[in-house]
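Me: Hi! Please walk me through this structure one step at a time, in plain words.

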Amino acid sequence: AGIDDNDLDRKAKNMVSYLVKGHACQVTISSNRRNLNMDKDVIETTLGRLKEIVGEDGSQQGKIKNNQWGNRGTLLFQPNRKK
């Protein structure tokens, strides 16, 4: 359930290009009731897939912030400083 792999890859590659330039990125994912009924953790699994794609280029800042209904999650990524 959720976003297709090719759509997530395209959006993640755009995000990685900003992270490489040194900009922070905030990701917000929303889900409809049908996807939540199929998988209660659809927000967390999608953000987990995103973290795998970002890999070494960015790091998660804090925890996933969900709204009260659990259908929207927000996560902030900071660029990794290269030495």
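**A guided look**

Me: In which segment is the place of N80?
Reply: Let's sort out the names first: helices are DSSP runs of H or I with at least four residues, strands are runs of E with at least two, and both are numbered from the N terminus. With those names in hand, N80 is found in the segment after β3.

Me: What kind of model is this?
Reply: Residues are numbered from 1 along each chain as its sequence is written, and side-chain values use heavy atoms, with hydrogens and water left out. Local features need pLDDT of at least 70, side-chain atom pairs count only at pLDDT 80 or more, and totals for chains, interfaces and linings use all residues; this is a predicted model.

Me: Which residues is N80 in contact with, leaving aside its neighbours within four places in sequence?
Reply: Contact means heavy atoms within 4.5 Å. N80 and Q60 are 20 residues apart in sequence, and their C-alpha atoms are 9.8 Å apart in space. Setting aside neighbours within four places in sequence, the contacts of N80 are E56, D57, G58 and S59.

Me: Is S31 buried or exposed?
Reply: S31 sits in the loop between β1 and α2 (33-38). Beyond residues up to four places away in sequence, S31 touches L36, V42, I43 and N71. The scale calls a residue buried under 20% relative accessible area, exposed over 50% and partly exposed in between (1.4 Å probe, protein chains only). With a relative accessibility of 12%, S31 is therefore buried.

Me: What is the relative accessible area of H23?
Reply: H23 is also a loop residue, placed between α1 and β1. Leaving aside neighbours within four places in sequence, H23 has contacts with Y18 and P79. H23 counts as partly exposed, because its relative accessible area is 42%.

Me: What is the order of the strands in the open sheet?
Reply: Two strands pair if DSSP finds at least two bridges between them. β1 and β3 run antiparallel and are joined by 6 bridges, while β2 and β3 pair in the antiparallel sense over 6 bridges. The open sheet of 3 strands, with antiparallel pairing, has the order β1-β3-β2.

Me: Which strands stand at the edges?
Reply: Each edge strand has a single partner strand, so one side of it is left without a neighbour in the sheet. The edge strands are β1 and β2 (58-66).

Me: Which residues make up the covered face of β1?
Reply: In a regular strand the side chains alternate between the two faces of the sheet. In β1, the uncovered face holds Q26, T28 and S30. The bridge partner of T28 in β3 is T74, and that of S30 is R72. The covered face of β1 consists of C25, V27 and I29.

Me: How many residues does the largest nonpolar core have?
Reply: A nonpolar core is a set of buried Ala, Val, Leu, Ile, Met, Phe, Trp, Tyr and Cys residues joined through side-chain atoms within 4.5 Å. In the largest one, the residues with the most contacts inside it include L47, V27 and F77. The elements giving two or more residues to this core are α1 (5-20), β1 (25-30), α3 (42-54) and β3 (72-79). The size of the largest core is 16 residues.

Me: At about how many degrees to β3 does α3 run?
Reply: L47 is in contact with V27, I29, I64 and L75, leaving aside its neighbours within four places in sequence. α3 itself lies across β1, β2 and β3, and its angle to β3 is about 15 degrees.

How values were computed. Axes are lines fitted to C-alpha atoms, for helices over the stretch in contact, and angles run from 0 to 180 degrees between N-to-C directions.
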